[in-house]
Amino acid sequence: MKAVSRWLDRFCYNHPNFGLPGLMKYVAISNLAVYILDMFTNGLVTQLLYFNFSDILSGQIWRLFTFVLVPAIGGAGTAGPLQLSFFFMFLLTTFFYYWIGTTLEQHWGTTRFTVFYLLGILLNAVYGLVTRTSVNMYYINMSMFFSFATLYPDMRVYLYGIIPLKVKWMAWLDVFFFAYDFAFYLTSGYVLAAFMPLVAILNYFIFFWDDLMSILRRGRDRAAHKVDPQTINFKKAQKEVQQRKGYLHKCAVCGITDADDPNMEFRYCSKCIGYYCYCMNHINNHTHVQ
């Protein structure tokens, strides 16, 4: 996985002009066109474009690529108020993924985003051909959202345009649904369908492999630091000093302690010879001890 990630990094660096600027704009417009045509043809256009192994085997090769144009949210063939509600959800979802894709392209650049998106399509198409199952853009869009959540975890968005949520919490909710889908299909005997979500977001793991490994290493290091004897002895010594003196930190200038003001922050000056502690009012306003 690491080797593939590094190779893709080199490819993007060596081919800065590769890709289609504003890719998500064309995807969104195509999805809208297909959805509207489906409304007037009772879903016929989607039937001609979606990924179907038996039809591909019979010569309809275009389905290997045109499944990208099929909206992830259906309902165009329904009638009455239900059709209107499906259309509203389609517009909301399409705009959301258009915004995410455009933001990723601005962050990564056109080349890297295009490679990311095309890799997701390629992985899905290969999986569909190997397993002879139908694939769609749902999980590819989810991999895009996971990438966005990794880069902007604290950004606030409005779920259904109403409920304010941080992106990272929405991502964790989607992780839960991914796990549920995997467990459901696996326990139901649909092994091929169970692994489809994992394959579909494989491009996310490839592009963020170094970041994910770094997070795991930091977590492992923090866990090891907590049980390290030196850390335990240091915390024990701090507790003994606090019990003996009644405070832990004391400003060398004004004499204020953390017992006097629990909200006050204290720092040790690196320019003073020895261990001299100062409150935030004097850390940058004192005479250095030489």
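**View 1. Helices H8 and H9 pack at an angle of about 140° in this predicted model.** Their axes lie 9 Å apart. The crossing of H8 and H9 is left-handed. From H8, the contact takes in Tyr139, Met142, Phe145, Phe146, Phe148 and Ala149. H9 supplies Val167, Met170, Ala171, Asp174, Val175, Phe178 and Asp181. By class, the contact residues of H8 and H9 comprise 11 nonpolar, no polar and two charged. Asp174 and Asp181, both on H9, are among the residues in contact.

**View 2. Helix H7 meets helix H8 in a right-handed crossing.** H7 spans residues 110–131 and H8 spans residues 138–151. Their axes come within 10 Å and cross at roughly 145°. The H7 side of the contact is made by Phe113, Phe116, Tyr117, Gly120, Ile121 and Asn124. The H8 side is made by Ile140, Asn141, Ser143, Met144 and Ser147. Six of the residues in the contact of H7 with H8 are nonpolar, five are polar and none is charged.

View 3. Phe176 belongs to helix H9, which covers residues 167–187.

Key:
Residues numbered from 1 in each chain as written. Predicted model: local features only at pLDDT ≥ 70, side-chain atom pairs only at ≥ 80, totals over all residues. Heavy atoms only, no water. Helix = DSSP H or I, 4+ residues; strand = E, 2+ residues; numbered from the N terminus. Axes fitted to C-alpha atoms, helices over the stretch in contact; angles between N-to-C directions. Left-handed = near helix turned anticlockwise from the far one by under 90°. Contact = heavy atoms within 4.5 Å. Nonpolar A, V, L, I, M, F, W, Y, C, P; charged D, E, K, R; others polar.
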